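Reader: Please show me the model. I want to know how the labels are assigned.

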Amino acid sequence: MLTNINVSTAARSIVRRKLKIPANMDTTTERLIHLIKQAQEKYSDEFLVLTVPGFISKKFIAYCAMKEDQELILQYISELRQNPSEIIKSSLSYSLISLYGKCFADASKNSYPKLEPSNLFKEGDDNNETHNYLIDIRHQFIAHRGDTENEIGISYMLVPKTENSDKTQMRFSQLKMIAFSEKDLVRIESLVEYIIEKLLEKIQKNGQKIHDGMLNLFTPEQLSLMLMNGGK
């Protein structure tokens, strides 16, 4: 996971030396190498570890990443129930909404799939209503400034009651959503657990496709060239 890489200058330098990464390497390549070495260290004693080409693994990668996002949302919900400060509440709540919406956002530019509500929910059921609720907050409040009850502001003018009119002032007041109610957290938790179940089905299906594709598309000689751990 990217969170395993400390992005401070000192720690980055240590990681580069440990993984033998050239100093002029770009961050994406550096992190890919980190993930490869991590896989080697974890599985090389018991398995041959093969690199899977991107053209057959994008869906699998996307669905696995979506599952991790949904599991992170469940952790956010758990933390919100600990009644943290308003700053922590708003940070967790806004992150929850963003991560949830990300799974349904168009990623076709990079050839990644997205979840389709019509394939997951039935019109009018509880999960569909909760989904629409979260997506509306995402569109109207988090990603864009829309017309929503979750962020309401007013402007008003203060005019002195005395003759000193040059002291006129303009003021602004706002109320915005900070966190979800416990009732909403229960609904969201149920929705996320349902989506994780559906993602597991997609992960299993696409994992099998990759397995079959690797064996059907490549010769044993070609597969040997994809070994990440040198046959150890």
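Author: Below, some labels are set against their cut-offs. This is a predicted model, where local features need pLDDT of at least 70, side-chain atom pairs count only at pLDDT 80 or more, and totals for chains, interfaces and linings use all residues. Residues are numbered from 1 along each chain as its sequence is written, and side-chain values use heavy atoms, without hydrogens and water.

Reader: Why is Cys-103 called buried?

Author: Buried means under 20% relative accessible area, exposed over 50%, and partly exposed in between (1.4 Å probe, protein chains only). Cys-103 has 1% relative accessibility, so Cys-103 counts as buried. Cys-64 has 24%, so Cys-64 counts as partly exposed.

Reader: How many disulfides does a search of the whole structure find?

Author: The search finds 0. A disulfide would need a pair of cysteine sulfur atoms within 2.5 Å.

Reader: What makes Asp-184 and Arg-187 a salt bridge?

Author: The term requires a side-chain nitrogen of Lys or Arg within 4 Å of a carboxyl oxygen of Asp or Glu. The closest N and O atoms of Asp-184 and Arg-187 are 2.9 Å apart. Both residues lie in helix H7 (residues 182-217), 3 residues apart, so about one helical turn separates them. Helices are DSSP runs (H or I, at least four residues), numbered from the N terminus.

Reader: How is Asp-184 classed, buried or exposed?

Author: Asp-184 has a relative accessible area of 14%, so Asp-184 is buried. Arg-187, at 30%, counts as partly exposed.

Reader: How many salt bridges does the structure hold?

Author: The structure holds 8. One joins the side chains of Glu-151 and Arg-145 at 3.0 Å, N to O.

Notes: Helix = DSSP H or I, 4+ residues; strand = E, 2+ residues; numbered from the N terminus.
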